Amino acid sequence: MFRRLLLTLLAPALLSACAPDAREVVVYSARGEQLIQPILERYAAQTGVDVRWINDKEGPLMQRLLSEDEQTPADLFLTVDAGNLWLAAENGLLQPARSQQLNSNIPAHLRDESDRWFGLSVRARTIAYSTERVDPEMLGSYADLSDPKWRGRLCLRTSKKVYNQSLVAMMIAGHGEEKTEEIVRGWVENLAAPVFSSDTRLLEAIQAGQCDAGIVNTYYFGRLQKKDPSIPIALHWPPEGVHVNVSGAGIVRHTDNRDGALALLEWLSSAEAQQEFAAVNLEYPANPAIAVDPLVAAWGEFEPDLINVSRAGELQAEAVRLMDRAGYR
Amino acid sequence: MQLQLDNLYQDYGDQPVLRGLSLVLESGEIGCLLGPSGCGKTTALRCIAGFEDLDQGEVRVGGMTLSRAGYTEPPEKRQVGMVFQEAALLPHLPAVENVAFGLHQLPASEARVRAEEYLALVGLAGSLRRYPHELSGGQQQRVALARALAPEPRLLLLDEPFANLDVSLRERLGRDVRDILIKTGVTALLVTHDQLEAFMLADRIGVMRNGVIAQWGTPHEIYHQPVDRDVAAFVGGGVFVEGVVQSTRSIAVCGVELNGAVPPRFPPGDTVDVLLRPDDVHADPAGMPAIVRSKVFRGPTLQCTLQIETGEAVLASMPADAELVEGQSVNIRIEPAHLVLFPRTR
Amino acid sequence: MRASSYWTAVAWLIALPTLAALTAIVLSLLQPDAETLHHLRRFVLPRVTFNTITLALGVAVLAGTLGVSLAWLTAMHRFPGQRFFAWALVLPMAMPGYVMAFVAIGLLEYSGPVQTLMRALFGDAAGLPPVRSRAGVIVVMSLALYPYVYLLARNAFLTLGAQALEVGQSLGYSRRQGFFRIALPMARPWIAGGLMLVVMETLADFGTVSVFNYDTFTTAIYSSWFALFSLSSALQLAFVLLLLVLVVAVAERRLRGRAAYTANAARRSVPVRLAGYAGWLATAFALLVFLLGFGLPVVQLLAWSLEAGQPDPRYLGTALRTLLLAAGSACLVAAVALALVYALRNAGRMARLAARIATLGYALPGTVLAVAIYSKLTAVNNLLDSAIGALTGNAPGLFLQGTLLAMLLAYTIRFLAVAYQPLDAAMQRLTRSYDESARSLGVGGWRLLRKVHLPLLRGGLLTAMLLVFVDVMKEMPITLMTRPFGWDTFAVRVYELTAEGQWEQAALPALFIVAAGLLPVILLTGAMRHAVAAR
């Protein structure tokens, strides 16, 4: 009895040889499974296309694409952070998707100059502060957080998180390396506690009074605010431009279903998908025509940093070395 | 006296194991508890070592009470050495360190010297650095003996130390062990089910049965003057034949008259069982005829079952060169060194 | 002679997949990335080296102390709750280290309930030491890892036999001295085996140290690879890590020397009753470790999963697949490990080297190994593909990839060490005389294995299967990389949810890992009790 159960369960998996099927699109995704599952299922239901996906961290997924090379079953690569998208393109894992629809849906600074990848949602990394202990007048740019007046009041997330690597990379693009290193050193001196391993913990530390301000992705704040609308924390938008990053996707170079992948990518940039793609994680849609979630809208408008996000990828290694030098763990 | 056991009682669950065991061992004496398995001899040893608690009675070593009901001096405080059936050497230590293991009061260098001395004493001077698994069974037991002796215990206990060895090794080692024990002057108590081992090693033997000592005496006494039929049957071979008391000095057995002291409780005319050991029966051309019924080769001797004219069977040790065959006729003389008589039961 | 070379071949065959996976690491030495290396040497390596060594030492000492002392307590003593603790103290093993880390930080952080309460009661100066510190990581990892030592040491103590300690007593050592002078040295292969696993897992750990943001070799490997984009530097760091493990392993072998470890388990030791004060002290100690390592984290996870609301309806299928995978790989890995210890028993020194290599997979950071295995698998597959294509004119593509077979192979490479250590230790006690006596009775070959060796190795075999089972349930990087479509385990769920910081949602799958870990722990400790009692 048990043996038969085992066989029926194991046999397909042990022997499965996935034959390529034109009606099937395989997605390699480094974006949270729970964030893409509903939307991909909706696409499958609407079009009858069989969408399958594998989730993993971005690094291993890219290595996987590299080693599978021409034989890869993947059609679309989906990941967070422009740095990762840039790296995938740089490593020749993606192919250009020439599409009028994509170009009109996604603004230029949120996509690859050679159309190898397209941002699908925008995530803003900005300053969160305690409304109980911080006068918003005190706040300025990211650089201002290195001012000694923040000594013992600042909280940061670990420099190992790619979000911070991209932030610093974009600062290098804006201010140059020397100035940026000075700023980062200032941050480290102002730390109230060892760097945190998550933005949520960081926000909780601000709430508990361990520190007064920090740099976070807005959707982490959104989640806390959803649970506790009276949370005494607010977001500040640096006036010289808010650091934005994307989650995005590109067509895998060795896909055997280019049309299927392109169709899915175009659909993801469409009004219909954009709304949900961003809202499910309280992010901003990449397509500027789409309205943001009301909770997100309440945080106010901001000026994004308009330097193309792929600079974050180009300068990432430099940023990491800079943070190592500055003692930002 | 070095060891005194006074009326020991011990139960295992609701099963009585020791039922009033008593014995005394003088300093330098080698004693032995001999008995079949399950007679309580090992339990007695473990009570002396302190591994088991007593329900009643007292264990005294060197005049000090080590165990009584409600009190058991911990084994490690007793200065009582023990050699186990399996040598139980520590597998991660070479021989010399196994011996030095018990010498923790001494400085390391002294302990080592002493350990080497004792290994030399047991004849293993050349195997100091060998690990237990690199030694033979007999060598392992020698190390175990050296280890138990090296701390110079007040009393040495040996729990069936030769049981796992083959017979020829057992004899040689047995002789060596007695020499070593005598040389060191230690008081020792051995436990075994093997009478030859007991005879070979012990000054005094206690034959144990059902948790008590049935007879306590020298090997000679145990062999030649067993107190009852069971002791007689357990120690040494032999058969019981019918005899009729003639006088206080003689008894008629198998148609011959045997001379010897007849205990007064057997009046003349009484029918008794007479114990005939194999060595009580001798080949003698002038003796009575008998027929060889079976024989067992014992090296220097043949142990034969002989049927005599009266129809009774006796055991006899015959010279091996006699070249006897079954059914052959021989002449024998019955001449026991001691008369061992029991009331007739059959 | 012929049999011995046959067994050597078997050992190398088992080592082959690992060897292949490791070639990339060794080959990386040929392509130094000077710029990155310079940066690492100057700004990263001094700190992570110090961190890694202190962490490994600290965890080895603390987990070793906890594991051995608890094993000694529960194996050789009676105290209130002893029967419960005997198996319950294995349970923290089912708790992934990163989960325990998250719970510990959640509870003890400045913003956590404990410090908040203390501030409310005693004002601002809460006197707790910071949880996100070196000591904090060491404590959490030790609590998560001590069961490896506990399980193996307990097995050793139970089979030690009464006589070993009685010998000590007859030579003037108290039971306590006997512990240090006799039981501990005799249990050394077991304890060393457990410590090897603990150290290897500590060196390979990424999840726990990341939650603490404690930089080690592993995190340095990750950031070289994924942040500095220098794969060769990452692999070179991994190579140093491997060297470290080899040094530890060789040192252990050297220390053991010529000594052989056989059981004198003719009679089991009678447990000592700890009366009154001492008994309750033992209970308190066991309870404290149990609560910290298991009770509190479970309560926190329960609280979180209640907050999270409705469970995902797919969890039933995930549960079934997770259990199947874990059970299947437990059997497979234990079987391969058994073949390996057999090969060692019957072959020479070259086989021992093969065993060392074959068990290295456990010391590598999971992702490095996952990628190494995956790329080798692809290479082999491509080779097969073109061969079959040339022969039949119809190339099958990457047919190995994304099959359970590939996944099980990867697990075997990763967890062989886990199964190997307890089996190797058990084999030490299986003296040649068993074989010889059985052979003399005409029992040889498979029957010898089945009738003599397996019953005698049962304790070690069960320990091996238990360890692999629980480890597979917790494993993330290899599962992520090699699973076929739809074969998500609960560890994958935990990863996906925690990657975005959704700990409340992750609590339920984490709890399932723990609960599923309970099952074999209870079954196998029961079976082990019988196995030991039967000896």
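This is a predicted model: local features need pLDDT of at least 70, side-chain atom pairs count only at pLDDT 80 or more; totals for chains, interfaces and linings use all residues.
Which residues of H3(B) are buried? Residues are numbered from 1 along each chain as its sequence is written, with chains lettered from A and ligands numbered from 1 in the order in which they are written.

**View 1. Helix H3 of chain B and its buried face.** Ala111(B), Ala115(B), Tyr118(B) and Leu119(B) are the buried residues of H3(B); buried here means that 20 or more other C-beta atoms, placed from the backbone, lie within 10 Å of the residue's own, exposed means 12 or fewer, and partly exposed is in between. Looking down the helix axis, you will find these buried residues within an arc of 100°, so they line one face of H3(B); the arc is that of the directions from the helix axis to the C-beta atoms. Ser109(B) and Glu110(B), on the other side of H3(B), are exposed.

**View 2. The length and surroundings of H3(B).** Helix H3(B) runs over residues 108-121, 14 residues in total, and spans 20 Å from first C-alpha to last, close to the 20 Å expected at 1.5 Å a residue (the expected span is 1.5 Å times one less than the number of residues). Just after H3(B), look for Gly123(B), with a positive phi of about 85°.

**View 3. The two domains of chain B.** Domain 1 covers 3-233 and domain 2 covers 237-343, with bounds from an automatic or database domain assignment. Their C-alpha centres lie 37 Å apart. Five residues from each of domain 1 and domain 2 of chain B take part in the contact, where two residues are in contact if their C-beta atoms, placed from the backbone, lie within 7 Å. On the domain 1 side, two residues are nonpolar, two polar and one charged; Ala, Val, Leu, Ile, Met, Phe, Trp, Tyr, Cys and Pro count as nonpolar, Asp, Glu, Lys and Arg as charged, and the others, Gly among them, as polar.

**View 4. Where chain B meets chain C.** Here 21 residues of chain B are in contact with 21 residues of chain C. Strand E7 (residues 80-83) of chain B provides the largest share of the chain B side, three residues. That side has 14 nonpolar, five polar and two charged residues.

**View 5. Val468(C) in the largest nonpolar core.** This core has 392 residues, and those with the most contacts inside it are Ala419(C) and Val468(C). A nonpolar core is a set of buried Ala, Val, Leu, Ile, Met, Phe, Trp, Tyr and Cys residues joined through C-beta atoms within 7 Å. Helix H6 (residues 134-158) of chain C gives the most to the core, 17 residues. Leaving aside residues up to four places away in sequence, Val468(C) touches Ser329(C), Ala330(C), Val333(C), Ala334(C), Phe415(C), Val418(C) and Ala419(C).

Notes:
Helices (H or I, at least four residues) and strands (E, at least two) are DSSP runs, numbered from the N terminus.
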